[in-house]
Amino acid sequence: MDELLERLAEVSDLERTAVVLGWDHEVVMPPAGAESRGELRATIERLAHERFTDDGVGELLDAAQPRDELERDVVRMVRRDFDKARRVPGELVAELARTAVAARTAWLDARARDDFAVFAPLLERNLELRRRYSACFPDADDPYDPLLDDYEPGLSTAELRDALARLRDGLVPLVARAPEIDDAVVRGPFAEANQRALVRTVLRAVGVDDESWRLDDAVHPFQATPGVGDIRITTRYDEGDLDSLYSALHEFGHGLYEHQVDPALARTLLAGGASSAWHESQSRLWENMVGRSPGFWRWCFPHAQAALPGRFDDTTWQEVQRAVNAVRPSLIRVSADEVTYGLHIVLRFEFELELLEGDLAVADLPAAWNERMRDYVGVEVPDDVRGVLQDVHWAEGIFGYFPTYALGNVIAGQLWERISAELPGLDERFAAGDFAPLGEWLGEHVHRYGRRLMPTELLERVVGGPLDPGPYLAYLEAKLEPSAPLMS
Ligand code: ZN
């Protein structure tokens, strides 16, 4: 057992080193360093992979004698990762990586020319390789299962299909009858320096300190955790809106998860979130359930007035809170509002399944995309750049990841229902600038477990049931009710 833990610590150290290199790449590295940084990262990641998948680890896992619950969980979860990683031949892994680089280039080219045909053969190749990847797991019920399992261990395609169909059927009518809200009050210009002041104030209040956290700028905001007590989040500033605040809250949610994992799990490979969807549930909860709540804006409004002088003189916190909850069907996933966002995801999930299973030909994808955007979101897609070519995921050969964005919302809804029952008066606490009870509840019920439990086991333990989009839909419905009281 000690030898196994030593080996895992080494693999974990290599992986965390890659995290530092990645963070540095995105945040501080000058552009000309990209090529040599690519080599550095590839070497470190290859070493981590080799050290993890070699025969010695299998032998140590077979021989390991766990001495307590924690060690039992380490062996159980690491065994699962190990068996999965060993199923895929190195030659296929390398081919996936190579094709992804070529496909990304073709995707950029296709976007520049607004010509899907330039990208189509590479997308076809990525799909073919992913089918081969799936074929490495002949016991899977569905070819999509092994892909999904990389991000949501243990979740079946059948369960996912059911949950997302229910989400879709609930969201489509909600979007269609959402009231039109004038959100001019949260449209800029807001000077960047002023936004920085507001972001700092809000992050302090929710729990960011200088001891364990860093905040930096990044083109695509993200969170990175090199180790215990070293949580790094990023945001971006656009003078035209207040998205900097919402990106910061989102990444804070990811960071708090990592920050509150039981330190005893450090260097075991279990010191992280239970799954992609669980991680996203934490970011969405802080971004949306907290950051768009009445209590949050009752507290934040005077701070926003102070940080953004003159901008909120003729308005009220109620008006700002209404504006940050506006629903407006749009073309682009990353800038979609909270309600239409789920539909952008459901559509991508459906296409991934149809493409992978051969029910939809790559050549027919753009037309199918435009038709479904009309049906679900209610918008006309003017070109493929703002349609099927907008996301990088499929170019990079990533299939099975999109649904975790929507599942994050679903889980956040289930948690929120539970939290609201267990912590009555939470909105009043927010109004007083007190976010600690929520952070503590999440630490106790979710964060401390890290990856000790399978995602479904964690959900069962926290909310007492399986995936259910019901609470999330009810949360949205309550907000969109025209007569919804602003005070709660
Ligand atoms: Zn996120």
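The model is predicted, so to speak of a local feature takes pLDDT of at least 70, side-chain atom pairs count only at pLDDT 80 or more, and totals for chains, interfaces and linings use all residues. Residues are numbered from 1 along each chain as its sequence is written, and side-chain values use heavy atoms, with hydrogens and water left out.

**Domains**

The chain splits into domain 1 (2-139) and domain 2 (158-487), with bounds that come from an automatic or database domain assignment. Their centres, taken over C-alpha atoms, sit 26 Å apart. Across the divide, 39 residues of domain 1 are in contact with 42 residues of domain 2; contact here means heavy atoms within 4.5 Å.

**The zinc site**

Three residues coordinate the zinc ion at 2.1 to 2.3 Å: H250 (NE2), H254 (NE2) and E280 (OE). Donors are N, O and S atoms within 2.8 Å of the metal (3.2 Å for Na, K and Ca), and since water is not among the atoms, sites may look incomplete. Along the chain the donors read H-x3-H-x25-E. H250 belongs to helix α10 (residues 243-259) and E280 to helix α11 (residues 276-290), 30 residues apart. Helices are DSSP runs (H or I, at least four residues), as are strands (E, at least two), numbered from the N terminus. Both H250 and E280 are buried, where buried is under 20% relative accessible area, exposed is over 50% and partly exposed is in between (1.4 Å probe, protein chains only).

**Salt bridges**

A whole-structure search turns up 51 salt bridges, each a side-chain nitrogen of Lys or Arg within 4 Å of a carboxyl oxygen of Asp or Glu. Here are some of them:

| Pair | Closest N to O |
|---|---|
| D149 and R80 | 2.7 Å |
| R161 and E357 | 3.9 Å |

R79 and D83 share helix α4 (residues 69-87), 4 residues apart, or about one turn. D149, by contrast, is in helix α7 (residues 145-149) and R80 in helix α4, so their pairing ties together parts 69 residues apart in sequence. D149 is buried at 13% relative accessible area, while R80 is partly exposed at 30%. R161 in helix α8 and E357 in the loop between α14 and α15 are 196 residues apart. There's also a network, with R168, D169, E350, E354 and R372 joined by salt bridges that share partners.

D384 sits in the loop between α15 (365-376) and α16 (402-422). D384 is buried but has no salt bridge, and R386, the nearest side chain of opposite charge, is 9.8 Å away; Lys and Arg count as positive and Asp and Glu as negative, with His and the chain ends not counted. Leaving out residues up to four places away in sequence, D384 touches residues including P366 and N370, both of which are buried in α15.

E352, in helix α14, is likewise buried with no salt bridge, its nearest opposite charge being R348 at 7.9 Å. Beyond four places in sequence, its contacts include Y144, W394 and F402.

**Helix α15**

The buried residues of α15 pack against α6 (116-135), α8 (157-176) and α14 (338-356). Just after α15, G378 adopts a positive phi of about 85°.
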